[in-house]
Amino acid sequence: MEKEVILSLKNVSKSFGGSRVLESINLDVYQGQIIGYIGPNGAGKSTTVKMMLGLISSFHGDIEIFGEDIKKSGVAYKKRIGYVPENGEIYDSLTPLEYLSFVGGLYGMDQHDITTKTMALMRLFELENVVHTRISSFSKGMRQKVLFIASIIHNPDLLFLDEPLSGLDANSMMIVKEILDQLASEGKTIFYSSHIMDVVEKISNRIVLLADGQIVADGTFEQLQQQSQEGSLEEIFNQLTGFDKHQEIASSFVSIVKNGDRNE
Ligand SMILES: Nc1ncnc2c1ncn2[C@@H]1O[C@H](COP(=O)(O)OP(=O)(O)OP(=O)(O)O)[C@@H](O)[C@H]1O
């Protein structure tokens, strides 16, 4: 059976002021895929995600989510979406239960359901003792876990994750990777943006590489390996973005740090 197209970008371009960030992007994402969306700093990854979420509304081209043009479909589609933002805004003065009640409420969830799910999910992340503690005292990883729960508590069909694991310890990372895997095998679709190449390599069943505003590679990790004759995703990334200067740049950096004042 043909899998449903969940997300479709057609000739999507975006400029900020005079500078073009995305150049005619075409991408169809199918149900159950875990897309690893990668690219150099400033390539336009967050911009793409924000457009799909409706947070950036002016762009050229068309974006369809669940088969509907987001410029015409109103906000209803957002109830089926979850999002972990890169720099998670989280209400410091609230406790996790208050914060998740607020988020769940926005998604139209029943309050009793929110509380039950919050308690159970917080317990699985070993955060049951801080359900009623203000988030302002939390570590980075603890905040990320709350944000992750907030993105998923309403059981969305499509999940956008922007660097969601950078603060998690190795054990928690394994849990989240496994959660994503199980969600995808149940038909959820995941759009995952990250710079941690070994995680993307393991987690994604399709990798999309964005460079200079265009998609320069799109396939499974194995397909990308064959295409570029490289071993790891980090090496593939270096090759496809035409980067081979890390030693040279590092040497200059160290030299300036050591001798900069003498060169002035
Ligand atoms: N609101 C904005 N106004 C002007 N320029 C912007 C704006 N948002 C993004 N840009 C520019 O668009 C480009 C792409 O930014 P974006 O945040 O999408 O990159 P990214 O691929 O997510 O990068 P990173 O890996 O560093 O997170 C950058 O050059 C950035 O300066």
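## Confidence

pLDDT is the predictor's confidence in each residue, from 0 to 100. This is a predicted model, so local features need pLDDT of at least 70 and side-chain atom pairs count only at pLDDT 80 or more, while totals for chains, interfaces and linings use all residues. Residues are numbered from 1 along each chain as its sequence is written.

The chain averages a pLDDT of 89, with 96% of the residues at 70 or above. Helices (H or I, at least four residues) and strands (E, at least two) are DSSP runs, numbered from the N terminus. The model scores ipTM 0.97 and pTM 0.89.

## Around the ligand

Phe16, Val21, Gly39, Asn41, Gly42, Ala43, Gly44, Lys45, Ser46 and Thr47 surround the ligand (C-beta atom, placed from the backbone, within 6 Å of it). Helix α1 (residues 45-52) supplies the largest share of this shell, three residues.

By type, the shell has six polar residues, three nonpolar and one charged. Here Ala, Val, Leu, Ile, Met, Phe, Trp, Tyr, Cys and Pro count as nonpolar, Asp, Glu, Lys and Arg as charged, and the others, Gly among them, as polar.

## α2 against α4

Helix α2 (residues 96-106) packs on helix α4 (residues 140-152) at about 25 degrees, axes 9 Å apart (lines fitted to C-alpha atoms over the stretch in contact, with angles from 0 to 180 degrees between N-to-C directions). The two are therefore roughly parallel (angles under 35 degrees).

Notes:
Parallel < 35°, antiparallel > 145°, perpendicular 65-115°, else oblique.
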